[in-house]
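Me: I have some questions about how the terms for this structure are applied. Please set each value against its definition.

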Amino acid sequence: MNLRNALCAATALVSVSATAAFAEELTIATVNNGDMIRMQGLTADFTEKTGHTVEWVTLEENVLRQRVTTDISTKGGAFDVMTIGMYETPIWAKNGWLVAMDDLSEEYDADDILPAMRGGLSYEGTMYAAPFYGESSMIMYRTDLVEATGMEMPEAPTWEEVAALARAMTDKDNEIYGICLRGKAGWGENMAFLTATSNAFGARWFDEDWNAQFDQPAWKETLTFYVNLMNDAGPPGASTNGFNENLSLFQQGKCGMWIDATVAASFVTNPDDSTVADKVGFALAPNTGLGKNSNWLWAWALGIPAGTQKEAAAKEFVEWATSKDYIELVAANEGWANVPPGARTSLYENENYKDIPFASMTLKSILSADPQNPTVDPVPYVGVQFAAIPEFAGIATEVGQEFSAALAGQQSIDEALEKAQALTTDAMEAAGY
């Protein structure tokens, strides 16, 4: 071997050794949604580029929330990266529990993140989690079943129009249900849907003095409308159905319409998974004419717990998974319809994405949600489908259990609302509001 070749070989060996020496194994907690499952399948690209490996802890939504909250609040140190959302991020950042995302690389282009997403994941102007995908909620419906009713789905329907369509599409003998909605108890499950819906009906969680509002007519109207519609046009066992259960029902052709996360659009239109992929239309979440739609605003984001011993490697992963390059990677492997939506402005300017059938409605839904002014009447909190206070998750989980029980016929609507009012009032008084 000549001297030049020997030096090249030695340099290469040093490079490989250095990469190995600094390689980390990251433990990442995430939710079992389709986009996150897809991300796990592409992790080899991250390992190839950085040398770091990943151990995934993939959990159902309610379980994920419990595990990461317990771990970060007790400084358990089980995770190097956590999948969290707009509710947790500013609260945890205020507590000093998250690493600031204020030093991401120039190539990452943090300014490209949609303002609504960046704002919701920031505390005092600094971003503390990077959005993997952003979402609102919208109507996904079977165009063939709507056509068969002789009716039409407006781009911005009212709840009355949606209910009439749902009942007309229902054919329970053939397991066709006009509407599939979340019923599974959880602050991020049925209460995300019902809180957003209640905004359209003129309800709110609290008045301006932090008094619970479940004893007011607007909440009774919301819950009564929901329970009656689900009894008439919903699937059996709806009180145990969350995002994934309703997704499966829709893909099997058993739902006339489904009102849920805009991110689901790529799954219901994927012919590999959905039996109705070529028969899906989209519309804005319903309103009641009071000026508010029933859509939420959310981002599943990646945050780094303060105190991790692998902060540098964790930031490399966050940059990789939420970058423009990752979007291109998914597009190359899965097609543009399956890239993570709702996080970056540049995606909606991309010529490859503009013609995706749900792209425009997703962006319209995201832009129509206003976390600063979510309700018809004024409120003291920020958040569309949640109130951004630490106590909300616990309170809403309990309220969600009462509302799920009402949907299941285990108690009346009045009983559910009375319990919701009492437990919310007690919790807020105990917290000093």
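Reply: Start with burial: a residue is buried under 20% relative accessible area, exposed over 50%, and partly exposed in between, with a 1.4 Å probe and protein chains only. The model is predicted, so local features need pLDDT of at least 70 and side-chain atom pairs pLDDT 80 or more, while totals for chains, interfaces and linings use all residues. Residues are numbered from 1 along each chain as its sequence is written, and side-chain values use heavy atoms, without hydrogens and water.

Me: Why is Met-101 called buried?

Reply: Met-101 has a relative accessible area of 4%. Buried means under 20%, so Met-101 is buried.

Me: Where is Met-101 found, and what is Met-101 in contact with?

Reply: Met-101 is in the loop between α5 (88–94) and α6 (115–120); helices (H or I, at least four residues) and strands (E, at least two) are DSSP runs, numbered from the N terminus. Contact means heavy atoms within 4.5 Å. Beyond its neighbours within four places in sequence, Met-101 is in contact with residues including Met-127, Tyr-128, Leu-302 and Val-318. The C-alpha atoms of Met-101 and Glu-319 are separated by 9.8 Å, although the two are 218 residues apart along the chain.

Me: Is Glu-402 buried or exposed?

Reply: The relative accessible area of Glu-402 is 19%. The cut-off for buried is under 20%, so Glu-402 counts as buried. Glu-402 lies in helix α17 (residues 392–407) and, not counting residues up to four places away in sequence, touches Gln-411, Ala-416, Lys-419 and Leu-423.

Me: How do you know that strand β3 pairs with other strands?

Reply: Two strands pair if DSSP finds at least two bridges between them. Strand β1 (residues 25–31) and β3 have two bridges, in the parallel sense, with Ala-29 opposite Met-82. β3 and β10 have three bridges, in the antiparallel sense, and there Thr-83 stands opposite Leu-302.

Me: What makes both faces of β3 covered?

Reply: Val-81 and Thr-83 on one side are buried, and Met-82 and Ile-84 on the other are buried too.

Me: What makes a space a cavity?

Reply: On a 1 Å grid over the protein atoms alone, a cavity is a set of points where a 1.4 Å probe fits but cannot get out; lining residues have an atom within 4 Å of a point. Grid points are joined across faces, edges and corners, and a volume is the space filled by probe spheres set on the points. The count is three cavities of 30 Å³ or more.

Me: Which residues line the largest cavity, and lie nearest its centre?

Reply: The lining has 15 residues, with Glu-61, Glu-135, Arg-182, Gly-188 and Trp-298 nearest the centre. Ala, Val, Leu, Ile, Met, Phe, Trp, Tyr, Cys and Pro count as nonpolar, Asp, Glu, Lys and Arg as charged, and the others, Gly among them, as polar. By these classes the lining has eight nonpolar, three polar and four charged residues.

Me: What makes a nonpolar core?

Reply: A nonpolar core is a set of buried Ala, Val, Leu, Ile, Met, Phe, Trp, Tyr and Cys residues joined through side-chain atoms within 4.5 Å. The largest has 150 residues, and Met-257 is among those with the most contacts inside it. Helix α10 (residues 217–233) gives the most to this core, with nine residues.

Conventions:
On a 1 Å grid over the protein atoms alone, a cavity is a set of points where a 1.4 Å probe fits but cannot get out, and a pocket is an open set with protein on both sides within 12 Å along at least five of seven lines; lining residues have an atom within 4 Å of a point.
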